[in-house]
Amino acid sequence: MHQPRSNVDANRVAGWIPRKVAYLGFDASHTSVRKRMEQIGEFTDLVGLTFRRSRYNSEFVPNWDNIDLGHLDNRNYLKRLPMLVRAIGIIVANRKKLAGTELVIARNLDLLSIALAARKLGVFDAPVVYDVFDVRDVLLGETTTAKIMRAAENRAMKQIALLVVSSPGFIEDYFTPYLDWDGPTLFLENKVDLDMLPDDPAVRAAWRSPDRAKQGLTGDRLTIGWVGALRCAQSAAMLIEIARALPWIDVQISGRSSYCSPEEFAKQFEGIDNIHYTGEYWFPTGLYDVYQDIDLNWDYDLSKPNRSGGWLVPNRLHEGGYFGVPHLAETGSQTGHYVDRLGIGWTRPADVAAIVDLLTGIRDEYAPVKRRALELMDSQFHYQGDIARLFDMAHAGWS
């Protein structure tokens with residue numbers, strides 16, 4: 001068995017560990033891609049093959065051995081195809097760096113196709129894992145484009161060793177009903193990874209201390225926090241209505257909008273005194289300050305109505321959970337199921353009147369839910385070497 005790097009607890013390592021892993025990511029600066037890279041690199045040698053996108057944390061420089069596949073435009077599928085073909089050429093040109101790869105992990109369908117093409121060209125001979133954090137709208141519905149892309153995905157998945165999903169909703173609502181998938185599958189939550197923190201004893205101690213969490217409501221006000229990738233225009237509109245209806249509520253918004261420019265995003269909150277847009281924060285350390293004053297985490301994702309927005313489990317669920325913050329989530333969504341199952345918040349339809357009605361009386365029921373959130377914050381939401389399960393299952397699926 002491969003010897004893990006010295007910063008990994010030996011008790012967390014069991015089973016097959018590949019000597020080298022190649023991970024294909026659509027955006028080197030995206031938080032979930034960075035988490036995967038860090039998690040893999042704790043156990044084994046890692047080569048990242050990543051695109052860059054102009055979204056957030058754009059100043060980030062990969063701290064892993066990285067092959068840059070170029071810049072990828074957001075949502076521009078016509079321009080994307082030549083970039084993907086070019087990426088295959090880059091990978092072939094870097095075949096020496098990829099020599100000895102024993103496992104390949106590809107994030108999303110585009111990169112899965114690239115990984116399988118590179119394997120067919122002899123760049124590596126290794127199992128390929130399909131790592132899914134979202135299902136894009138272009139794959140859904142009954143249009144000709146959707147059917148063609150699902151057929152391509154179906155063919156590609158016949159060649160993988162393992163499907164990894166960050167939410168059970170992707171299996172229940174997409175891979176089973178749309179693709180009739182019944183192959184090896186792993187549910188791997190995108191939890192807070194404390195190993196990504198700087199090697200500063202004070203920072204790490206603060207993140208592990210019970211004092212990282214606000215212990216309860218203080219004063220006459222309550223703060224709702226909307227944190228992370230801000231891709232939901234409807235959430236912004238709803239929070240504006242809520243803030244105007246309930247002036248004793250504060251709304252703290254932290255992150256960067258992905259559906260409009262930062263200037264346009266901030267402008268819509270001008271003149272609303274109880275909405276505070278703090279802008280982008282540095283990941284992961286900035287989360288500590290962001291969550292210090294939040295009483296209720298806004299977990300709605302309505303950017304894909306009647307689509308996959310309700311299927312995913314967002315980072316903010318685990319990040320808010322780790323800081324002991326109760327949640328407010330959409331009824332019937334996977335996030336809502338999670339919140340209800342653990343008893344760590346409230347679920348309501350995506351309806352301002354229903355949410356305002358809840359918030360009007362929430363002080364009477366807040367304390368026991370907050371206690372439950374504090375009880376679970378150390379056990380439920382942080383990563384503990386979970387990636388090792390992926391290694392074992394991929395090896396079994398390839399054998």
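Guide: Here are a few questions about cores and a sheet. This is a predicted model, where local features need pLDDT of at least 70, side-chain atom pairs count only at pLDDT 80 or more, and totals for chains, interfaces and linings use all residues. Residues are numbered from 1 along each chain as its sequence is written, and side-chain values use heavy atoms, leaving out hydrogens and water.

Visitor: Why is the set with Leu163, Phe175 and Leu390 called a nonpolar core?
Guide: A nonpolar core joins buried Ala, Val, Leu, Ile, Met, Phe, Trp, Tyr and Cys residues through side-chain atoms within 4.5 Å, and buried means under 20% relative accessible area (1.4 Å probe, protein chains only). The largest such core here has 71 residues, and those three have the most contacts inside it. Helix α3 (residues 109-120) gives the largest share, 7 residues; helices are DSSP runs of H or I, at least four residues, and strands are runs of E, at least two. A second, separate core has 34 residues, including Phe265 and Val356.

Visitor: What makes Phe175 and Trp181 contacts of Leu163?
Guide: Contact means heavy atoms within 4.5 Å, and Leu163 is in contact with both, as well as with others including Tyr130.

Visitor: How do you know that β11 and β12 pair?
Guide: Two strands pair if DSSP finds at least two bridges between them. Strand β11 (residues 296-298) and strand β12 (residues 327-330) have 2 bridges, in the parallel sense, so they pair.

Visitor: What makes β10 and β13 edge strands?
Guide: Each pairs on one side only, in an open parallel sheet ordered β10-β9-β8-β11-β12-β13.

Definitions and conventions
Buried < 20%, exposed > 50% of the residue type's maximum accessible area, 1.4 Å probe, protein only. Lists of a residue's contacts leave out its neighbours within four places in sequence.
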